[in-house]
Amino acid sequence: MSSVNVTSLNEQLNTLGIVGYLQQHQDKGLLRVLTCGSVDDGKSTLIGRLLHDSQQLYDDQLDALKRDHKGRNSEGELELAMLVDGLQAEREQGITIDVAYRYFSTTERKFILADTPGHEQYTRNMATGASTSDVAILLIDARYGVQTQTRRHSFICSQLGIKHLIVAVNKMDIVDYSELRYNAIKQDVQALMAQLQVPTVDVVPISALKGENILTLSANMPWYTGTALLPLLETLPIPLRGGVGTRFPVQYVNRPDLNFRGFAGTLVSGRLAVGQAVTAYPSGKKSTIKQIVSFAGEQAAAIAGQAVTLTLNDEIDISRGDWLVPSDETVTLTNRALAYLVWFDEQPLQTGRLYDLKLATRKSSVCINRLNHKVNINTLAQEAAEQVAMNDIALVELELTETLPLDTFKNQPGTGNFILVDRLTNATVAAGLVQNVLAEEKAASADISVFEQELNALIRKHFPHWGARDVRELFKGDK
């Protein structure tokens with residue numbers, strides 16, 4: 001398929017009515033698409049072009065753009081990026097700061113587009129958009145080729161499990177639609193993706209400003225024999241979400257009266273059914289499911305993505321943050337793990353300091369014991385990590401203050417990711433992916449309280465001349 005049949009949004013609504021329109025789109029597949037890349041590579045313009053050319057804009061949106069004094073460029077063409085850049089600061093500076101989500105559909109499927117910023121200081125926003133995406137469109141300016149942010153965003157996408165990347169070589173009109181330039185960039189891209197082990201990559205030459213190779217193939221690039229961008233998005237397989245096992249993190253204990261005690265949450269992965277044997281973690285207590293209740297009433301089973309309330313046949317102690325897992329599945333309980341971090345904060349990471357960890361619905365405390373290595377974004381080589389600063393990506397060793405169930409992100413994306421929060425400022429300082437679950441390590445001679453660990457870390461940070469040792473290391477030999 002080389003082109004897309006489009007009907008304007010207003011025409012569809014006038015023909016079908018609102019109820020008919022919703023019914024027509026209810027059963028279509030949904031593809032979540034991320035746009036990322038370096039600064040000024042044309043991400044917002046591309047999304048604006050997709051919305052405009054697929055006729056998914058209301059008349060008042062187009063009228064508002066035409067009336068805006070910044071709504072046209074120097075050549076008199078519509079500034080389609082302004083359809084996405086909604087913040088005043090974004091419009092004034094002509095950049096993307098926040099993640100902007102836009103929704104549209106074709107006759108084949110529905111799409112959610114996440115427009116993410118290219119500036120290095122907003123890497124955390126890009127990671128937020130990528131965390132829920134199925135496919136990434138990585139834009140590259142044909143004039144400059146692969147940049148540092150191109151590599152950083154590619155690495156983040158690969159670590160977040162995005163298996164299909166579409167590399168859109170944009171602004172081909174500026175380089176006179178040069179096939180040589182396209183082939184040179186394609187060669188660099190293929191080398192980068194081979195390093196990252198991305199399984200599927202399509203490289204599409206486009207001009208978002210001119211609308212070339214977006215809905216149909218461009219006559220200006222006859223040497224390109226692939227598929228235009230939107231038809232390609234329509235034919236990509238929609239990846240299955242979830243993981244290899246079943247996980248139900250408890251979000252809320254619902255007890256409206258003496259006769260009902262349910263555990264509410266969203267089933268992250270797998271399937272649960274009435275009568276199924278389940279185990280609560282970290283306690284290890286077992287029971288069977290008595291009821292599965294949703295907003296529509298009782299149901300026999302629940303599948304991944306559904307928000308439900310479970311009741312059990314036995315009265316066992318379960319709190320927010322606990323997991324309910326089928327009893328025939330294995331869950332690792334530990335207090336140690338290896339994880340990749342993307343550091344967001346202006347203050348560098350401090351080893352030995354306690355941070356709040358938020359994983360699924362649980363909040364706990366964690367200390368970063370060791371910096372294994374940092375990733376050199378330019379070469380993707382692993383380098384010694386003496387310090388982890390803002391936007392650095394590093395593999396670290398985590399030690400939690402309590403024993404918890406942990407999953408690797410590869411096996412269970414929904415429960416294998418987390419964020420770190422500064423305990424003093426409440427700022428989100430990092431996002432992380434569990435790479436490997438390590439064996440539990442206990443201090444057998446004494447129980448070290450959270451306060452003692454924090455005081456010890458404070459002393460070692462501010463009074464290094466005292467020569468204080470890590471209090472946890474003192475008990476590691478007594479096992």
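**Figure 1. Two cavities of 30 Å³ or more are counted in this predicted model.** Rolling a probe the size of a water molecule over the atoms shows where empty space is left. On a 1 Å grid over the protein atoms alone, a cavity is a set of points where a 1.4 Å probe fits but cannot get out, and lining residues have an atom within 4 Å of a point. Grid points are joined across faces, edges and corners, and the volume is the space filled by probe spheres set on the points. The model is predicted, with local features needing pLDDT of at least 70 and side-chain atom pairs pLDDT 80 or more, while totals for chains, interfaces and linings use all residues. Residues are numbered from 1 along each chain as its sequence is written, and side-chain values use heavy atoms, without hydrogens and water.

**Figure 2. The largest cavity has a volume of about 40 Å³.** Its lining consists of Trp323, Leu357, Leu359, Arg362, Leu404 and Pro405. At least two of the lining residues come from each of strand S18 (354-359) and strand S21 (393-406). Helices (H or I, at least four residues) and strands (E, at least two) are DSSP runs, numbered from the N terminus. Five lining residues are nonpolar, none is polar and one is charged. Here Ala, Val, Leu, Ile, Met, Phe, Trp, Tyr, Cys and Pro count as nonpolar, Asp, Glu, Lys and Arg as charged, and the others, Gly among them, as polar.

**Figure 3. The second largest cavity holds about 30 Å³ of space.** Helix H9 (residues 450-462) contributes the most to this lining, with four residues. Among the lining residues are Gly352, Cys367, Asn456 and Asp470. By class, the lining has four nonpolar, three polar and three charged residues.

**Figure 4. Tyr281 and Pro282 are joined by a cis peptide bond.** The omega angle of this bond is about 15 degrees. Pro282 belongs to the loop between strand S11 (277-281) and strand S12 (286-294). Most residues other than glycine have a negative phi, and most peptide bonds are trans.

**Figure 5. Gln197 and Asn391 have a positive phi although neither is a glycine.** Gln197, with a phi of about 60 degrees, lies in the loop between helix H7 (179-196) and strand S6 (200-205). Gln197 counts as exposed because its relative accessibility is 70%. Asn391 has a phi of about 75 degrees and is found in the loop between strand S20 (382-383) and S21. Asn391 is buried, because its relative accessible area is 5%. Buried means under 20% relative accessible area, exposed over 50%, and partly exposed in between (1.4 Å probe, protein chains only).

Note on methods
On a 1 Å grid over the protein atoms alone, a cavity is a set of points where a 1.4 Å probe fits but cannot get out, and a pocket is an open set with protein on both sides within 12 Å along at least five of seven lines; lining residues have an atom within 4 Å of a point.
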